[in-house]
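Hello,

Here is the structure I promised to pass on. My notes follow below it.

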Amino acid sequence: MSRRAGSAGSNSTLAFVESPVQLLNVLEWAHAHAPGAGLTLVVLSPTDPMTRGQLRRMAELARDEGHAVRWEEARGGPAAPFQTIGGLAGTLRRADRVVLGDPFSRYVQLLLTITRASELVVVDDGTATMEFVAQLARGERLVRWHRKGGRPGPRDLIFAPVSASARKRLTPSERRRVQIFSSMPMEETPAGVTVSANTFAWTRARFGPPRITKGADMVGTSLVETGVVDGERYLEAVRTLAKAHGTTRYFAHRRESTDKLHRLAVETGLEIVRPDLPLELIARRGPIGRTILSFPSTVVHTLPLALVGTDVRVSVCDIDPSWLTENASPRAQGFLSGVTGTARDVHRLSSVVVAV
């Protein structure tokens, strides 16, 4: 039964999210660390239609859990960032605790310069969390892994003071506690930072157990869209894997392009599914294949947790170095191998041979 959502003004915990996965993990954190407390969830809405749709559905679930949701058209024009930040400034200054889903976000970094909260919580944003923790531990500038190794652009240089200020605020001090809530492995833990495990307890309690089909499903990735993997080699790898494992459905990543998905459907015969919720919830709700095939991504860590106690097997296929584009970060291969190698309870496949 739904609980009545509290008013935005009565909450001392403010959460900022920009993706459905971040919103899911705020709900997981609240279930584990603030049961019964109503949060104010601020959605800094992106422009991508699929992401917006998933965020709308996740916002409904958040309201059902008793949380207030504030939807901000944060990218709705040149003046939108100033209006959004100006409108949030007072609420942000009054918050005792701030929960955030993406410490690499320039929006979030700007907001961090305003907060006086005595506690900051970084919830899981998948593989990005692994890189954030490592960079914070080493005192490095905050930059996403697939961009690392490149020269900073003009906007990076202009924004550098804000980014440096955000990194300082995300470093624990006598006045500020910092917590990381994650399902991802941590090789390095920043001094003074508290790390707690995201076990997807809320997801398991809220959905399922799923009906399991005999076939195999595949999880898509946006590595082509981020410029890491060559599009032709990716298409051939999907075709080869699907044929070898009898795959019938392909669950698209929310950032995969329409043109690429159309080609996949035509050239592989796969049914393309564009989920309306994060895959952890889709899989837990079912039906889902007995085998789930994936390339290195967050889901090789999260799906085994969401599906614990079921007979579903998650299998991951490594990215062959020959698939990488010439513009891929020098760190790409090592980072992707690390994502696979640190995953627990998954079956590791050899990278497939593709001829393009």
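The largest cavity has a volume of about 40 Å³. A cavity is a set of points on a 1 Å grid over the protein atoms alone where a 1.4 Å probe fits but cannot get out. Grid points are joined across faces, edges and corners, and a volume is the space filled by probe spheres set on the points. Searching the whole structure turns up 1 cavity of 30 Å³ or more.

Before the rest, two points on the source. This is a predicted model, in which local features need pLDDT of at least 70, side-chain atom pairs count only at pLDDT 80 or more, and totals for chains, interfaces and linings use all residues. Residues are numbered from 1 along each chain as its sequence is written, and side-chain values use heavy atoms, with hydrogens and water left out.

**The cavity lining**

Lining residues have an atom within 4 Å of a point. For the largest cavity they are Phe16, Leu92, Val98, Leu100, Val108, Leu111, Leu112 and Thr115. Strand 4 (97-100) and helix 4 (106-112) are the elements that give two or more residues. Helices (H or I, at least four residues) and strands (E, at least two) are DSSP runs, numbered from the N terminus. Helix 4 gives the most, with 3 residues. The lining divides into 7 nonpolar, 1 polar and no charged. Here Ala, Val, Leu, Ile, Met, Phe, Trp, Tyr, Cys and Pro count as nonpolar, Asp, Glu, Lys and Arg as charged, and the others, Gly among them, as polar.

**The second largest pocket**

A pocket is an open set of grid points with protein on both sides within 12 Å along at least five of seven lines. The second largest pocket holds about 270 Å³ of space. Its lining has 15 residues, with Met130, Glu131, Ala134, Glu187 and Phe335 nearest the centre. Helix 5 (127-138) and helix 12 (332-341) each give two or more residues to this lining. Helix 5 has the largest share, 5 residues. The lining splits into 7 nonpolar, 3 polar and 5 charged.

Buried means under 20% relative accessible area, exposed over 50%, and partly exposed in between (1.4 Å probe, protein chains only). In helix 9 (residues 258-268), Lys260, Leu261 and Leu264 are buried. They cover an arc of only 100° around the axis, so they sit on the same side of helix 9. The arc is that of the directions from the helix axis to the C-beta atoms. The face turned away from that buried side carries the exposed residues Thr258, Asp259, His262 and Val266. Just after helix 9, Gly269 takes a positive phi of about 80°.

Helix 11 (residues 299-306) is largely enclosed by the rest of the structure, because 7 of its 8 residues are buried. Those are Val299, Val300, His301, Thr302, Leu303, Pro304 and Ala306.

**Leu349**

Which strand holds Leu349? Leu349 is found in strand 13 (residues 347-349). Leu349 counts as buried because its relative accessibility is 14%. Leu349 and Ser315 are 34 residues apart in sequence and 6.5 Å apart in space, C-alpha to C-alpha. Leu349 also touches, among others, Leu241, His245 and Leu293 (contact means heavy atoms within 4.5 Å), not counting residues up to four places away in sequence.

Best wishes
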